[in-house]
Amino acid sequence: RSNSARRHADIDDEEGKAQFFLTLLFQSIEDSSSFFASAILFLVAWATICAYGAHELRKLAAADPDGIAERWVEDIVNGKDAVAVIGTLFVFTVVFRFNACYDGWHESRVAWGDIISRSLEMGMMNRTW
């Protein structure tokens with residue numbers, strides 16, 4: 001058991017479900033640490049490029065007040081409300097999809113548990129017959 005799983009063992013419930021899921025979570029994170037590191041590195045690089053581009057655009061707008069860079073800055077400032085509305089709609093769509101996926105996963109889990117239970121019952125009946 002990993003140190004992080006041992007640290008969280010005290011929040012285990014009486015059936016051991018919390019311990020199992022925490023152990024599973026920490027193992028999956030440990031197994032995919034290179035993916036997480038590359039994703040974080042990509043996001044940091046993207047944010048740096050965007051910040052540098054915004055800085056350069058503002059410098060160009062300050063150098064030529066009536067130029068195309070100034071119009072770009074105005075368009076970006078005026079477009080924030082539309083981006084916020086689209087972003088909000090996107091988030092609601094994603095949350096709805098996640099909820100629908102979770103409902104399907106839960107139904108499948110219940111069905112799989114029923115299959116396992118009936119298989120065990122059939123095996124016990126077979127053994128006693």
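The following legends describe close-up views of a predicted model.

**View 1. Overall fold of the protein chain.** The protein chain holds five helices and zero strands, where helices (H or I, at least four residues) and strands (E, at least two) are DSSP runs numbered from the N terminus. Along the sequence the pattern reads α-α-α-α-α. Of its 129 residues, 7% count as buried, that is, under 20% relative accessible area with a 1.4 Å probe, protein chains only. The protein chain exposes about 11300 Å², of which carbon and sulfur atoms supply 67%; the areas come from the Shrake-Rupley method with a 1.4 Å probe. Residues are numbered from 1 along each chain as its sequence is written. Local features need pLDDT of at least 70 and side-chain atom pairs count only at pLDDT 80 or more, whereas totals for chains, interfaces and linings use all residues; side-chain values use heavy atoms, without hydrogens and water.

**View 2. Packing of helices H3 and H4.** Helix H3 (residues 33-63) packs against helix H4 (residues 68-78) at an angle of about 125°, their axes lying 7 Å apart. Axes are lines fitted to C-alpha atoms over the stretch in contact, and angles run from 0 to 180 degrees between N-to-C directions. The contact (heavy atoms within 4.5 Å) involves Leu57, Leu60 and Ala61 of H3 together with Ala69, Glu70, Trp72, Val73 and Ile76 of H4.

**View 3. Tryptophan 72.** Tryptophan 72 belongs to helix H4. Its relative accessibility is 52%, so tryptophan 72 counts as exposed, the cut-off being over 50%. Between tryptophan 72 and arginine 58, 14 residues apart in sequence, the C-alpha to C-alpha distance is 9.4 Å.
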